[in-house]
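Please look over the sequence and the structure first.

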Amino acid sequence: MLINCSLFTATLPTSHRRAIIRPRIKQPGLDPSDPSSYRPISNLSFISKLVERAVHRQLSNYVESNSLLPVVQSGFRRLHSTETAVLKVCNDIIVALDSGFISALLLLDFSSAFDCVDHSILLKVLELQFGIMTSALLWIANFLTNRSHSVRLGTNTSKHFNILFGVPQGSILGPLLFILYTSNIVHIASKHGILIHLYGDDTQLYIKLSAKDIDNAKSRLITCFTDIQTWCASMHLKLNASKTELIWFNRHRTPTSDLLHTVLDLGPASSIKPLDVVRDLGVLLDNTLSMKNQISSITKSCFFHIRRIRQLKKGLK
């Protein structure tokens, strides 16, 4: 009855649009004194999550049944995961390498992507691109506006701050709204003949090329990157060139190996230098796709946990 009342009136009470943020460190080893080392996870009320779940189910069924989401978006969808995203990209690159081509992979980095979503632009995208109107659009507008949050660390809590932009990380509906907001990025890549795969805000651009075609491929990657930067500015998103990673794949040790160190020059003040190993959605990929670094990382992790179990052995007797 509560959920139906919220949907019928297209409102969510203000008390259920108030979040408590408990900062979580992104990964071990980061500087705990640096605010950028933390992920701002929003803790929302139980009732609001119930209502969100009902809306998420209806919205997700609508976009999936009408095939409105890009096929290459693997984030926050049924039967999709980081595994399916990495497998798709790796398979395409392996097929290209087996055919004698070189491949380039560009891993784009967005700064605080979820926090930069412009509510007015999102509502226009939902209405004009996805056909979400009337009471459904009014409910989403009410869900996004007049939100507030406070930060809690230990026993200390900050005062409440109003949220003017972004979708809450930690909500059920927020990630789905984000991938709808950014779905047009696929058309930019396809316009330049570059393959793309998405997982939420993790964007992977990749291309296959011959040794003779490397200059043309570089030009297409740079032009595509520049167009995506322009599109991001229009969507109030920030593409971070300094954290964007590039890797060239070539299995065969031929004279073209020197080309694998080719830099993408984005302008007088910015360039992307290639790496020998990159981390793509948690998987370490090297420039020959031997997977040695990934196997070594998993082996190291397994031995660490085995040693931990051994330390607990005496206490389990």
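The model shown here is predicted. After helix α3 comes Gly100, with a positive phi near 90°. The points below start with α3 itself and then turn to a pair of helices.

**Helix α3**

- Helix α3 takes up residues 82-98, 17 residues in total.
- From the first C-alpha of α3 to its last the reach is 24 Å, close to the 24 Å expected at 1.5 Å a residue.
- The buried residues in α3 are Ala85, Val86, Val89, Cys90, Ile93, Ala96 and Leu97.
- These buried residues line one face of α3, because they fall within an arc of 120° when seen down the helix axis.
- An α-helix has 3.6 residues a turn, so residues three or four places apart point the same way.
- Glu83, Leu87 and Asp98 lie on the other side of α3 and are exposed.

**What covers α3**

- Strands β3 (102-108), β7 (195-199) and β8 (202-209) are among the elements that cover the buried residues of α3.
- The cover also includes β9 (245-249), β12 (277-280) and β13 (283-286).

**Helices α4 and α6**

- Helix α4 (residues 119-128) packs with helix α6 (residues 174-181) at an angle of about 75°, and their axes are 9 Å apart.
- Angles of 65 to 115 degrees count as roughly perpendicular, so α4 is roughly perpendicular to α6.
- From α4, Ile121, Leu122, Val125 and Leu126 meet Leu177, Leu180 and Tyr181 of α6.
- The residues of this contact between α4 and α6 are seven nonpolar, no polar and no charged.

Conventions. Residues numbered from 1 in each chain as written. Predicted model: local features only at pLDDT ≥ 70, side-chain atom pairs only at ≥ 80, totals over all residues. Heavy atoms only, no water. Helix = DSSP H or I, 4+ residues; strand = E, 2+ residues; numbered from the N terminus. Expected span 1.5 Å × (residues − 1). Buried < 20%, exposed > 50% of the residue type's maximum accessible area, 1.4 Å probe, protein only. Arc of directions from axis to C-beta. Contact = heavy atoms within 4.5 Å. Axes fitted to C-alpha atoms, helices over the stretch in contact; angles between N-to-C directions. Parallel < 35°, antiparallel > 145°, perpendicular 65-115°, else oblique. Nonpolar A, V, L, I, M, F, W, Y, C, P; charged D, E, K, R; others polar.
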